[in-house]
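Biologist: I am new to this structure. Could you show me how to read it, one feature at a time?

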Amino acid sequence: MPSPMSRRSLIKLGGGLLTAGTLAACGSGSSSGSGTVTYWAAFTGSDVERYFKKNFIDRFNKSTKSVQVRMDVKQLQTLGKLTDTAVAAGRGPDVVYSDGPSSALSFAKSSNTVPLDSYAKKYGWQDKFLPWAWEASKVDGKLYSVPVGYGSVVLYYSPAVFKKNGWAVPKSLAEFEDICTAAKAKGMIPVGAGNSGYTAQSEWYLTAFLNAAAGPQALYEALTGKRPWDDKVFVDAITLYKQQIDKGWWGGAPDRYFTNTDTDMFTGLAQGKVAMYITGTWSFASADSFFTGDQKWEWAPLPSLSDTVKPGVFPLAIGTALSVNARAKNPAGAAEFIDSMIADPQDMLDYLAATGTNPAPLKFDQSAYPPSTDDRVARLYQTIQQSTNLGYASWCFMPPKSDTYLYTEFDKVITGSMKPAEFCKGLQKTFADELAAGSVPSPFEPTS
Amino acid sequence: MRGAQLKAWLFMAPLVAVNLLVIAGPGLMSVYYSFTDWDGLNSPGLVGFANYTALFGDADFLRALLHNLLWTAFFLVVPMSLGLLGAFLLTRIKRFQLVFRVLYFVPYVIATVVSATIWRQILSPTSGIGPALSDLGIPWLKDVNFLGDGDIALGTVAFVNNWQWWGFLVVIFLASMQSIEPSLYEAARMDGANTWREFWHITLPAIRPTFMFLSLMTVIWSFLVFDYIYILTQGGPAGSTDVLSTVMYRMAFEQQQAGYASAIGVILALISAATVGGYLYLRRRLKWEM
């Protein structure tokens, strides 16, 4: 039974949202004095936080006397919800964090953040960003957020395990299936998967599968409303995914999917119990901690899971975007701080080299990566910049309700209580409403 | 007399003010939002009873409501029975009674997040009790995925929650039983009553006010249950452990349907109010002693 304390907590929840008011009262808010800019941030570790504070916050504060940034560090898991709630209550920090264009669009649509076009012109931002990221950050033709962290979804594997089993990195559906069959026969989990503790993990795998099986062109057409989500190409992709889950290829077994964690899968990958793991490049920063001694992890682009999709697609994702709060007393100062983070691409590459943190989607000089950068990390960003096979991550390009639908309802497909066609039909219904409301971020046109 | 009443009200005023601020204000706001399409960010628009009519056609909501009812039935039977039995047995022993009371009560004082996390490890299909027993040659639980199998996940979470809860009931029931006049038991024994008759005809009627109060709170808390479910399964797999509060949380904070979530909140509040109303009716109108 819940304790009296949890009852109170629930009354807060049921009270709708009373949390909004509570947080608004407690939050540091945008009521900063003249010259002060507030910023909420979260980091994967204390060393990353120290690096960021020293090289971005302290350096900015020393370089300018008119604007001083005050950073409040929050928990990584709760920063998004804290920000959403505080901003919804008309408060929140001056520099507003969002976990991608989709969230940033919600703030913009509700007039909680301001257009940044004048600052973009002043600081010349458009020339610095990769075109796809620039387009995705616009709402109704105006720039509302600045992407400061991006990555992709790739296939992680252990070269030692692959070598021991005589496997080569899969590029086609047939090669992928061969490895899955062989790994399963050896008692391994062919592809790591699970959503215990973080239900949204399902969208990592769905993003990979939809890009590799339906392909970027179909996704682009769906994201722009030209192809419905219950089109055969998506139903076939989800059906194939479900079949592979039923075979125990993803996560070991359908029921195990619900108790596996990201940590379990990386641990299994290092121990040779998991053959492959498909997840985001944000794990570059932590993957080494699972591999001890001479063991190494490696990544490869996603295989093609359909005859019509080219292998090696990179679903792109902006994981962190910054906006300026509509209630900021010093919006110019907030924009100046945002500019300081991206003004010199070398700063981002140094940050990447020192901490492994995903960098802003800037046009980096291929030779500018510091020598200390992990080869695997540098190779990813160099490859993406040259690739023409770019796809779409759901948490970046899907509107909020459709994105949530994707990972909450997919559980029902796994348990068999919903058919793939029903799942796609429900997705289309949710997406159509959001498309009509103008809540879909602008996707870039496929280049391949 | 008036001065004394004024003083009493002055002492109560801060608490009343806090409750108005923390419960009444947001509660009324919730009622208002339940009639809107509020997404948590944009201005809400009135939609009448649309959220309420949608609720009763929403399979996820109805299943969560059913889970709350099952949860209530479980907690009215299992921990209450265990609590009564444990307390009654403890009244029969003198040595080590304090030790048992402490042992029973310890789970209740462990933070929920801590005990739930420990239980998640214990129930893990890869590193928990199943594989451990299998290594010892007992394979019965090897392939049981307590939290991943939708058929048993709700029962598993209820078991874990009960583990923390029933010891608390033992202590409360024991305190109530210890206030019963010993001469009643002595007279019953002289009349030839056995232990069961002592329990049924003396203990149970004597502690009825405590029993009824805990039953009432059990019903209310069963509809507000959130913490163990959210930590252990987050309502999954595929809604098989969803209760109204987890659906409400998901609607409000993940699906940007704060108006819809508010309607669920209002339903929850109405259920609690009906429970309390029933309790008051039994006590005041039917003069039940409780």
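**Reading a helix and an interface**

Modeller: Start at the end of a helix. H12(A) is followed by A:Gly225, whose phi is positive, near 80°. Keep in mind that this is a predicted model.

Biologist: Is helix H12 of chain A enclosed or open?

Modeller: Count its buried residues, those under 20% relative accessible area. In helix H12 (residues 216–223) of chain A, seven of the eight residues are buried, so the helix is largely enclosed by the rest of the structure. Among them are A:Pro216, A:Leu219, A:Tyr220 and A:Glu221.

Biologist: Which elements do the buried residues of H12(A) pack against?

Modeller: Look for the partners in chain A. They are helices H11 (202–214), H13 (232–246), H20 (394–397) and H22 (420–436), plus strand S11 (390–392).

Biologist: Now the two chains. How many residues of chain A and chain B are in contact?

Modeller: Take each side in turn. Chain A brings 40 residues and chain B brings 47. The area buried between them is about 3700 Å², and carbon and sulfur atoms give 63% of that.

Biologist: Which side chains meet in a salt bridge?

Modeller: Between chain A and chain B the count is one salt bridge. It joins B:Asp60 and A:Lys412, at 2.8 Å from N to O. Four residue pairs are in polar contact across the interface.

Biologist: Which element gives the most to the side of chain A that touches chain B?

Modeller: H21(A) does, with nine residues. That side of chain A divides into 14 nonpolar, 16 polar and 10 charged residues.

Terms used: Residues are numbered from 1 along each chain as its sequence is written. Chains are lettered from A and ligands numbered from 1 in the order in which they are written. This is a predicted model: local features need pLDDT of at least 70, side-chain atom pairs count only at pLDDT 80 or more; totals for chains, interfaces and linings use all residues. Side-chain values use heavy atoms; hydrogens and water are left out. Contact means heavy atoms within 4.5 Å. Buried area is the accessible area (1.4 Å probe) that two parts lose on being put together, summed over both. A salt bridge is a side-chain nitrogen of Lys or Arg within 4 Å of a carboxyl oxygen of Asp or Glu. A polar contact is a pair of N or O atoms within 3.5 Å; within protein, one must be able to donate a hydrogen and the other to accept it, and residues adjacent in sequence count only if both atoms are side-chain atoms. Helices (H or I, at least four residues) and strands (E, at least two) are DSSP runs, numbered from the N terminus. Ala, Val, Leu, Ile, Met, Phe, Trp, Tyr, Cys and Pro count as nonpolar, Asp, Glu, Lys and Arg as charged, and the others, Gly among them, as polar. Buried means under 20% relative accessible area, exposed over 50%, partly exposed in between (1.4 Å probe, protein chains only).
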